[in-house]
Amino acid sequence: MARMKFICDAERCIECNGCVTACKNEHEVPWGVNRRRVVTINDGVPGERSMSVACMHCSDAPCMAVCPVDCFYRTDEGVVLHDKDLCIGCGYCFYACPFGAPQFPQAGAFGLRGKMDKCTFCAGGPETNNSEEEFRKYGRNRLAEGKLPLCAEVCSTKALLGGDADVLADIYRQRVLTRGKGADIWGWSTAYGKPDAPATAPAAGGKS
Amino acid sequence: MFGMDKIRDEAMKWTADKVEEVSGVPDDQVKLIAETMAKNKPSTVVWCMGQTQHTTGNAIVRMMCNLQLALGNVGVAGGGTNIFRGHDNVQGATDVGPNPDSLPGYYGIATGSWKHWANVWGVDYEWLKGRFASQALMEKSGITVSRWIDGVTEKNELIDQDPNLRAVVFWGHAPNSQTRGKDMLEAMKALDTLVVIDPYPSATAAMAASARKDGVYLLPAATQFECEGSCTASNRSIQWREKVIEPLWESKPDHTIMYLFAQKFGFADEFTKNVKVTNNEPSVEDILREINRGTWTIGYTGQSPERLKIHMRNMQVFDPKTLKAKGGIDKETGYVLDGEYFGLPWPCYGTPEMKHPGSPNLYDTSKHVMDGGGNFRANFGVEKDGTSLLAADGSASKGADLQFGYPEFDHVLLKKLGWWDDLTEDEKKKAEGKNWKTDPSGGIIRVAMKNHGCHPFGNAKARAVVWNFPDPVPVHREPIFSPRADLVAKYPTHEDKKAFWRLPTLYKSVQDQFANVGKDYPLIMTSGRLVEYEGGGDETRSNPWLAELQQNMFVEINPKTANDRGIRDKDMVWVKSPSGAQIKVQAMVTERVGPDTVFLPFHFAGHWMGKDLIDSYPEGAAPVVRGEAVNTATTYGYDSVTMMQETKTTVCQIMKA
Amino acid sequence: MKPLSGAVCLVALAAALAGCGEKEQVVVYKQGQYQGKADGKPWDNESFSGDRGNWEATIKARNQNQNEYRRING
């Protein structure tokens with residue numbers, strides 16, 4: 001099995017926040033902690049795009065690298081999790097993460113942050129799978145039930161895909177071939193090209 | 001088609017300069033739209049409230065239909081005009097429910113319609129008539145929800161009924177969804193009794209409870225998850241919804257509340273003549289069966305609870321594009337699903353036994369009527385101004401025995417065609433003297449459709465010109481409150497109406513009074529929906545996940561407009577309207593709106609002109625997020641046919657708070 | 001002076017040797033070891049009875065629910 005990954009297709013995301021609401025509800029995430037959020041670029045003008053962002057479960061996770069108490073681990077499927085009992089709430093993982101995935105439930109005096117919380121790929125944490133304790137600390141463990149992250153499963157347009165990277169790659173490839181464009185949400189021209197460089201032109205007869 | 005030439009004549013008057021002057025859309029964009037639609041067929045036009053909530057809403061909507069007719073996009077898969085209703089089951093509500101001008105199924109309120117429904121309900125027509133103050137009132141269109149406040153506060157001699165309104169029941173209704181909030185508060189104060197039936201106290205708590213100390217009652221109703229039943233989607237498919245949990249605390253399902261009221265008022269027996277009641281709850285299956293037995297007009301007759309539940313159990317056999325079942329046999333009952341359309345979209349004619357598959361696209365002549373096909377209906381007479389209104393020769397649905405125009409089916413026509421003897425003896429007895437809409441056996445429909453492939457509502461031309469409307473050819477008229485006095489002069493609104501849906505309804509007099517309103521209120525104010533919230537909003541703003549996503553009431557304002565007023569993003573601003581009301585909201589400076597327009601969502605309530613009304617809510621029942629209701633500040637204006645409120649366009653001024 | 005210079009040399013030598021024995025001033029990161037509790041595998045439960053292959057197949061099959069081309073023809 002390949003690693004678990006998320007991919008969010010900016011051509012399809014309609015900023016409905018269904019993923020955000022599903023995650024909040026499923027794991028009873030408190031007010032102020034945003035495991036998943038939808039980011040919109042160029043809001044209100046032609047070319048507006050949205051993307052749903054949470055923890056990317058990086059292969060070489062910066063959060064894991066910088067943690068002073070080494071509370072992070074990676075499962076066999078590539079899901080990056082952490083132990084809240086060890087976490088000292090220093091916030092260093094938040095500095096390191098380029099996606100802003102680590103979230104903190106408190107904003108107290110002297111930088112009091114509480115235990116770091118983040119997207120778990122619906123895989124819970126280092127407590128007994130599907131136990132009361134695991135739910136209280138980390139939310140629901142859907143992987144242990146043979147299910148996939150709820151955000152991807154409820155996405156209304158199937159913009160957000162989550163699961164086995166090989167399967168996702170196949171789905172995404174078929175989609176790009178069918179519609180003839182929109183493969184370039186990431187890539188050289190997007191990252192370094194001119195801001196108004198057009199996306200690849202649709203193939204003749206291609207459908208959006 | 002009837003009258004398309006008159007539409008063409010009107011269209012030729014609209015040169016590019018006129019179009020741009022009135023709509024702000026430049027000619028090259030209009031050309032692009034026209035070319036795109038002409039070259040990409042079939043295409044569909046979609047709208048929600050943006051076209052209907054104007055004084056000319058009926059004209060705008062008719063123009064869309066005319067456009068699609070002209071393009072040949074009507075009656076084809078992928079074409080048509082597709083309106084998204086605002087809520088789950090609004091379509092069901094308007095189909096069988098509380099319209100002030102009609103009984104269920106759009107039968108209207110003439111004597112014949114009352115007699116038909118008295119027959120279906122199993123009650124004596126005279127008894128039913130006796131419930132009303134007079135037969136005249138029984139057959140007169142009532143006051144619409146958009147005008148209830150005038151029913152209370154208008155001078156008694158000007159309203160077209162004896163007393164003013166003295167009591168109002170809000171059944172699942174949020175008052176902040178209706179315009180003229182300032183006037184509404186006065187109406188609430190003047191009422192004898194106000195009853196709110198809702199799972200949440202709704203914005204009524206924030207308004208009525210803040211203004212009066214007694215006479216306001218809250219009855220807790222169950223949410224959609226606490227009861228089951230059928231509901232109709234925007235595409236006319238009906239789905240059977242199941243109960244998830246039992247009603248919490250003291251809340252009761254709507255039909256139970258109705259039954260308890262009927263008991264209190266002494267007509268429980270008549271109310272549930274054909275419906276079994278268990279523990280004060282009328283059976284929802286029986287209610288649907290009663291609807292099935294009476295709603296021949298729009299074909300709500302074939303969707304029995306059994307067929308609907310079978311569809312829900314076997315959703316996987318239906319093709320997502322065509323809605324058609326590809327084979328499929330229900331395990332529980334052995335029912336054959338092949339060829340049926342998911343949810344049996346109405347019209348699903350005839351009795352459930354006739355097994356009509358539903359009609360996924362209206363007026364589709366490429367299909368046989370027993371396969372969901374249809375044609376334009378003959379609802380408006382057989383001829384007008386010397387021209388026949390019936391369809392031309394050769395124009396009919398696939399496989400119809402009559403391949404030319406024909407009127408609605410009734411016992412006379414059936415006899416004339418020699419098809420009367422196709423009916424069974426029992427059907428003949430019931431259908432004698434009736435037409436297809438009032439025949440309780442469904443035999444006329446069965447013979448016309450199943451035996452002869454003809455449409456029971458006749459086969460006629462589509463009307464491009466609607467001669468019984470204020471503007472037979474849809475024309476432009478400026479909204480009542482317009483910032484452009486010059487356009488108001490060129491395209492004035494209608495004349496005032498003395499008694500329209502029982503109330504005096506003003507048009508020209510208000511527009512003239514405010515002809516120069518653009519000087520002090522130069523911005524066009526429009527309102528609409530958000531994704532996070534729904535309707536009046538008190539229910540969704542009580543959900544912490546959704547509330548977190550949109551924590552403030554806001555006004556979308558263009559950067560240029562904001563800068564001209566010294567307003568920066570997230571500043572608090574006052575939005576003032578000619579109604580005299582002003583609301584305090586947060587500014588969202590964005591390019592989403594043009595420099596001449598501002599947009600406000602209508603889902604907020606709980607603030608009143610700058611004041612937080614949290615104390616007016618029952619303890620613990622206030623929503624997480626509260627804000628100003630845009631309708632506190634909206635203005636007078638109603639559609640000339642439907643009395644729909646003109647919420648999509650009025651004027652305002654904005655200044656920093 | 002000879003014993004003094006000898007002592008100086010000895011001290012200088014000791015100091016120099018002490019300098020060689022000092023640790024590097026630049027921090028070299030060593031990959032940390034996870035210090036927390038052990039976590040169970042998602043297939044170690046009643047539904048999958050420890051069968052990893054079964055779990056992986058279930059996940060892969062469920063993943064196809066996110067592919068709408070399965071239901072619609074292209």
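Visitor: How many salt bridges does the rule find across the interface of chain C and chain A?

Guide: The rule finds 7 salt bridges there. The model is predicted: local features need pLDDT of at least 70 and side-chain atom pairs count only at pLDDT 80 or more, while totals for chains, interfaces and linings use all residues; side-chain values use heavy atoms, with hydrogens and water left out. Residues are numbered from 1 along each chain as its sequence is written, and chains are lettered from A, and ligands numbered from 1, in the order in which they are written.

Visitor: Why is the pair K37(C) and D85(A) called a salt bridge?

Guide: The term requires a side-chain nitrogen of Lys or Arg within 4 Å of a carboxyl oxygen of Asp or Glu. For K37(C) and D85(A) the N to O distance is 2.5 Å, so the pair meets the definition.

Visitor: What else describes the interface of chain C and chain A, in residue pairs in polar contact?

Guide: There are 14 such residue pairs, both partners at pLDDT 80 or more. A polar contact is a pair of N or O atoms within 3.5 Å; within protein, one must be able to donate a hydrogen and the other to accept it, and residues adjacent in sequence count only if both atoms are side-chain atoms. The side of chain C that touches chain A has 9 nonpolar, 13 polar and 8 charged residues. In these classes Ala, Val, Leu, Ile, Met, Phe, Trp, Tyr, Cys and Pro are nonpolar, Asp, Glu, Lys and Arg are charged, and the others, Gly among them, are polar.

Visitor: How many residues of chain C and chain A are in contact, and what area is buried between them?

Guide: Contact means heavy atoms within 4.5 Å, and 30 residues of chain C meet it with 43 residues of chain A. Buried area is the accessible area (1.4 Å probe) that two parts lose on being put together, summed over both. Between chain C and chain A that is about 3,000 Å², of which carbon and sulfur atoms give 49%. Y34(C), Q66(C) and Y69(C) lose the most area in chain C, together 23% of what that side buries.

Visitor: How does the interface of chain B and chain A read in numbers?

Guide: It takes 13 residues from chain B and 15 residues from chain A. The two chains bury about 1,100 Å² between them, 61% of it on carbon and sulfur atoms. W545(B), E548(B) and L549(B) supply 54% of the area chain B buries there, more than any other three residues.

Visitor: What makes R592(B) and D43(A) a salt bridge?

Guide: Their closest N and O atoms are 2.9 Å apart, which falls within the limit already given, so the name applies. The rule finds 2 salt bridges across this interface. The side of chain B that touches chain A divides into 7 nonpolar, 2 polar and 4 charged residues.

Visitor: Is S102(B) buried or exposed?

Guide: Buried means under 20% relative accessible area, exposed over 50%, and partly exposed in between (1.4 Å probe, protein chains only). S102(B) has 10% relative accessibility, so it counts as buried. The residue sits in the loop between α5 (90-96) and α6 (111-121) of chain B. Its side chain reaches the backbone nitrogen of Y107(B) at 3.2 Å and that of G108(B) at 3.0 Å.

Visitor: Why is T365(B) put in its accessibility class?

Guide: T365(B) has 37% relative accessibility, so it counts as partly exposed. T365(B) lies in the loop between α15 (305-313) and β10 (383-384) of chain B. Beyond its neighbours within four places in sequence, it touches residues including G75(B), N375(B) and K398(B).

Visitor: Which residues of α15(B) are buried, and what covers them?

Guide: P305(B), R307(B), L308(B), I310(B) and H311(B) are buried. Their cover includes β6 (229-232), β7 (238-241) and α14 (284-294) of chain B.

Visitor: How many helices and strands does chain A have?

Guide: Helices (H or I, at least four residues) and strands (E, at least two) are DSSP runs, numbered from the N terminus. By that rule chain A has 7 helices and 6 strands, whereas chain C has 2 helices and 0 strands. Of the 208 residues of chain A, 50% are buried; in chain C the share is 16% of 74 residues.
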